[in-house]
Amino acid sequence: MPLLEIRDLHLHMRSFDGEAHVLNGINLTVERGEIWGIVGETGCGKSLTGLSVSRLVPTPPARYARGEILLEGENLLAATEARMRALRGRRIGMIFQDPTTNLNPVFRIGEQLTDVALHAGRGEPALLGLAPGASGGALRRAAREHALAMLEHVGIPNAAARMEDYPHQFSGGMRQRVLIAMALIGRPHLLIADEPTTALDVSVQAQILRLIHDLVREHNLGVLFITHNLGVVAQLCTHVAVMYAGNVVEAGPVRAVLKSPVHPYTRALLEALPRAGLARGALRGLAGTVPSLIAPPRGCRFASRCTRAEPACQEGAPPLDAVGEAHRVACFVAAREAA
Ligand SMILES: Nc1ncnc2c1ncn2[C@@H]1O[C@H](COP(=O)(O)OP(=O)(O)OP(=O)(O)O)[C@@H](O)[C@H]1O
Ligand SMILES: [Mg+2]
């Protein structure tokens with residue numbers, strides 16, 4: 001059974017102008033040990049895909065119109081909020097973009113980590129090495145020990161003393177390490193990281209990527225790594241899903257997709273990279289604009305910007321078809337040429 005399976009996920013978002021079809025049939029399967037880069041231009045639905053798995057998209061204004069999200073076979077769209085609270089942290093760990101919004105400035109680092117460990121330990125005492133029914137005091141002590149061990153594990157020097165610090169006493173890179181510790185404290189199987197290194201300078205970013213890489217190997221995690229940066233994908237990810245206007249347009253092993261992209265959008269993205277290439281690969285804008293998601297075109301959503309579009313591309317949406325070993329593309333033209 002796959003760790004995560006997103007099947008034909010459609011998310012509509014109510015807005016002043018009408019209902020926007022922001023996710024339009026997302027299909028994605030993640031196994032443990034796989035690190036999936038989710039890339040695409042701003043507004044293409046990367047964050048909403050990650051937030052949907054954590055069920056953190058407010059409904060309303062959002063509405064799941066169709067599809068399933070299966071975590072180890074359990075349909076998350078049918079789960080109660082109580083069940084989701086139990087899964088967040090313990091099956092799904094999350095790291096978001098901006099460290100300053102995730103740590104509370106008025107509580108010590110150690111207290112915040114201990115609280116997360118306590119939450120996880122109450123649901124699953126074995127996580128803290130305790131038997132069911134352990135006393136509150138025992139839970140608290142074990143939670144603090146576990147928090148300290150995690151802080152050491154993510155490479156904070158002198159961790160015992162640093163537990164007493166407040167977030168502002170930590171650098172941006174160290175705060176990001178704390179957030180990674182927090183996400184992993186409940187030993188999740190799936191990690192969702194939304195632009196976790198975007199706010200960091202390049203050398204700190206490299207350290208954090210290495211840390212994530214090592215932790216993923218060590219804990220055999222599956223990862224959704226959301227980023228604008230194809231260089232980061234090339235460095236860290238095993239697989240990549242390229243999104244455009246609420247669709248996955250190309251997906252597969254990172255080597256296949258980045259070395260032999262077949263979707264015209266993926267090709268354009270790679271061509272738009274600066275000459276230094278993948279090493280510095282922030283996405284640049286492409287010519288043209290994304291179609292309205294409120295009245296989306298019937299056919300391929302990329303057709304209006306595509307240099308290879310044919311009349312058939314305006315008629316219907318292309319399915320995600322196999323073009324190689326686990327390499328799939330949603331493009332009539334590319335699929336025909338690969339056949
Ligand atoms: N709360 C909301 N209400 C209305 N529309 C929203 C809301 N959140 C997201 N959207 C819309 O849904 C679409 C997808 O948004 P999402 O945040 O997933 O994009 P993204 O790919 O993560 O972009 P970025 O790279 O800028 O982070 C966008 O068009 C956005 O405007
Ligand atoms: Mg986003």
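**Notes on the predicted fold**

1. Ala-326 counts as exposed, with 11 C-beta neighbours inside 10 Å. The burial classes are these: a residue is buried if 20 or more other C-beta atoms lie within 10 Å of its own, exposed if 12 or fewer, and partly exposed in between, with C-beta atoms placed from the backbone. Ala-326 sits in the loop between strand S11 (321-324) and strand S12 (327-329). Helices (H or I, at least four residues) and strands (E, at least two) are DSSP runs, numbered from the N terminus. Phi of Ala-326 is positive, near 60°, in a residue other than glycine.

2. This is a predicted model: local features need pLDDT of at least 70, side-chain atom pairs count only at pLDDT 80 or more, and totals for chains, interfaces and linings use all residues. Residues are numbered from 1 along each chain as its sequence is written, while chains are lettered from A and ligands numbered from 1 in the order in which they are written.

3. Overall build. The protein has 13 helices and twelve strands. Its radius of gyration is 21 Å, close to the 20 Å from the globule rule for 339 residues, so the protein is as compact as a globular protein of that length. The radius is taken over C-alpha atoms, and the rule is 2.2 Å times the number of residues to the power 0.38. Along the principal axes, the C-alpha atoms fill a box of roughly 70 × 45 × 40 Å. Buried residues account for 42% of the 339. Of the contacts between residues at least 6 apart in sequence, 64% join residues at least 24 apart. Two residues are in contact if their C-beta atoms, placed from the backbone, lie within 7 Å.

4. Core. In soluble globular proteins, nonpolar side chains tend to be buried together. Here the largest nonpolar core has 96 residues, and Trp-36, Phe-225 and Val-240 are among those with the most contacts inside it. Such a core is a set of buried Ala, Val, Leu, Ile, Met, Phe, Trp, Tyr and Cys residues joined through C-beta atoms within 7 Å. Helix H7 (residues 172-184) gives the most to this core, with eight residues. Leaving aside residues up to four places away in sequence, Val-240 touches Trp-36, Gly-37, Val-39, Val-233, Ala-251, Val-254, Val-257 and Leu-258.

5. Ligand 1. The ligand is surrounded by 14 residues, and the closest are Val-22, Thr-42, Lys-46, Ser-47 and Leu-48. A residue is near the ligand if its C-beta atom, placed from the backbone, lies within 6 Å of it. Helix H1 (46-53) and strand S1 (4-15) each supply at least two shell residues. H1 has the largest share, three residues. By type, the shell has six nonpolar residues, seven polar and one charged. Ala, Val, Leu, Ile, Met, Phe, Trp, Tyr, Cys and Pro count as nonpolar, Asp, Glu, Lys and Arg as charged, and the others, Gly among them, as polar.

6. Open sheet. Four strands run in the order S2-S1-S4-S5, with antiparallel pairing. The edges are strand S2 (18-30) and strand S5 (74-75), each pairing on one side only. Two strands pair if DSSP finds at least two bridges between them. S5 is joined to strand S4 (residues 62-71) by two bridges. Leu-71 stands opposite Glu-74 there.

7. H2 and S6. The buried residues of helix H2 (residues 81-90) are Leu-87, Arg-88 and Gly-89. Arg-88 has 20 other C-beta atoms within 10 Å and is therefore buried. The cover over these H2 residues includes S4, strand S6 (92-95) and helix H4 (109-123). S6 is itself covered on both faces, with Ile-92 and Met-94 buried on one side and Gly-93 and Ile-95 on the other. S6 pairs in parallel with strand S7 (residues 190-194) over four bridges. Met-94 has Ile-192 as its bridge partner.

8. Backbone points to check. Cis peptide bonds join Thr-59 to Pro-60, with omega about -10°, and Pro-60 to Pro-61, with omega about 5°. Pro-60 lies in the loop between H1 and S4. Glu-195 is not a glycine, yet has a positive phi of about 50°. Glu-195 is in the loop between S7 and helix H8 (202-219). Glu-195 is partly exposed, with 19 other C-beta atoms within 10 Å.
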